[in-house]
Amino acid sequence: MNILAIPGKMPATEVWLKQIIDNLDWNDQAAVTLHKFSAWDNNQEFDIKTEIEHLPNGHYDTLITKSIGTLIALRAQPNITWDRLIFIGVALSLYDDDDRKRLSALTQTTTPTLVIQETSDPFGSFNELNTLLGNSDNVTCIEVAGEHHQYKDTHQIAQIIKNWKQ
């Protein structure tokens with residue numbers, strides 16, 4: 001299994017995402033690429049276009065991403081592709097009209113997609129995401145309590161993913 005994990009904008013989300021991945025019990029043969037944004041290494045201003053250019057290209061069995069990483073993943077297509085997609089804390093307020101179209105287009109594919117969103121996430125509430133993605137056969141939207149875009153309970157997030165992927 002080949003997994004690409006794209007964290008959120010803040011460096012702390014790298015550790016956060018690793019905690020989730022470590023709790024998923026993916027088999028030992030899983031090759032996990034935990035992406036590091038170039039802005040972190042160079043102490044530069046975070047630039048989405050630059051970060052997309054530094055993403056690894058290729059096909060992944062699973063893509064798991066948080067916050068602005070969801071936007072980066074959608075914009076990086078077709079340079080990266082996946083069989084299963086996991087979005088945590090979609091930063092919907094950063095999405096322009098084209099990005100929202102890319103997001104809603106996920107409902108028109110057969111790709112299994114999981115979206116985990118806080119009830120009152122300041123970047124986009126669960127209801128906003130659920131309305132945008134609607135009811136589709138391949139997209140599952142799961143609501144978790146919260147209002148700070150932090151998704152602190154990594155065990156809960158991992159359990160949601162485990163339940164979904166079965």
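The following chat walks through a predicted model of a protein chain.

Visitor: What does the secondary structure of the chain come to?
Guide: In this predicted model, the protein chain has seven helices and six strands. Read along the sequence, they follow the pattern β-α-β-α-α-β-α-β-α-β-α-β-α.

Visitor: And how does the radius of gyration sit against the globule rule?
Guide: The radius of gyration is 15 Å, close to the 15 Å that the globule rule gives for 166 residues, so the chain is as compact as a globular protein of that length. Along its principal axes, the C-alpha trace spans about 40 × 40 × 30 Å.

Visitor: How much of the chain counts as buried?
Guide: Of the 166 residues, 49% count as buried. The chain exposes about 8300 Å², and carbon and sulfur atoms supply 44% of that area.

Visitor: Which residues touch the most other members of the largest nonpolar core?
Guide: That core has 32 residues, and Ile80, Phe87 and Leu103 are the ones that touch the most other members. At least two core residues each come from strand E1 (2–6), helix H2 (38–42), helix H3 (48–53), strand E3 (58–66), helix H4 (68–76), strand E4 (80–88), helix H6 (126–133) and strand E6 (139–144). H4 gives the largest share of this core, with six residues.

Visitor: OK, so what does Leu103 touch?
Guide: Leaving aside residues up to four places away in sequence, Leu103 touches Leu74, Phe87, Val90, Leu92, Tyr95, Leu129, Leu132 and Leu133.

Visitor: Back to H4, then: is it mostly covered or mostly uncovered?
Guide: H4 is mostly covered, since eight of its nine residues are buried. Those buried residues are Ile68, Gly69, Thr70, Leu71, Ile72, Ala73, Leu74 and Ala76.

Visitor: What do they pack against?
Guide: The buried residues of H4 pack against E1, H3, E3, E4 and helix H5 (97–105).

Visitor: Moving to the backbone, which peptide bond is cis?
Guide: The peptide bond from Gln77 to Pro78 is cis, with omega near 5°, and Pro78 is found in the loop between H4 and E4. As background, most peptide bonds are trans, and most residues other than glycine have a negative phi.

Visitor: Where is His149, and what is its phi?
Guide: His149 lies in the loop between E6 and helix H7 (154–165). Its phi is near 65°, a positive value in a residue other than glycine.

Visitor: Is His149 buried or exposed?
Guide: His149 counts as buried because its relative accessibility is 11%, and the cut-off for buried is under 20%.

Visitor: What about Tyr151, what is its phi?
Guide: Tyr151 has a positive phi of about 50°, although it is not a glycine, and Tyr151 is also found in the loop between E6 and H7. With a relative accessible area of 3%, Tyr151 is buried.

Visitor: Changing topic, how many positive and negative side chains are there?
Guide: The chain has 13 positive and 22 negative side chains, and the centres of the two sets lie 1 Å apart.

Visitor: Last one: what share of the contacts with a separation of 6 or more is between residues 24 or more positions apart?
Guide: Residues 24 or more positions apart account for 67% of the contacts in the chain with a separation of 6 or more.

Terms used: Residues are numbered from 1 along each chain as its sequence is written. This is a predicted model: local features need pLDDT of at least 70, side-chain atom pairs count only at pLDDT 80 or more; totals for chains, interfaces and linings use all residues. Side-chain values use heavy atoms; hydrogens and water are left out. A nonpolar core is a set of buried Ala, Val, Leu, Ile, Met, Phe, Trp, Tyr and Cys residues joined through side-chain atoms within 4.5 Å. Buried means under 20% relative accessible area, exposed over 50%, partly exposed in between (1.4 Å probe, protein chains only). Helices (H or I, at least four residues) and strands (E, at least two) are DSSP runs, numbered from the N terminus. Contact means heavy atoms within 4.5 Å. The radius of gyration is taken over C-alpha atoms; the globule rule is 2.2 Å times the number of residues to the power 0.38. Accessible areas come from the Shrake-Rupley method with a 1.4 Å probe; for residues, only the protein chains shown count as cover. Lys and Arg count as positive and Asp and Glu as negative; His and the chain ends are not counted. The place of a charge is taken as NZ of Lys, CZ of Arg, CG of Asp or CD of Glu.
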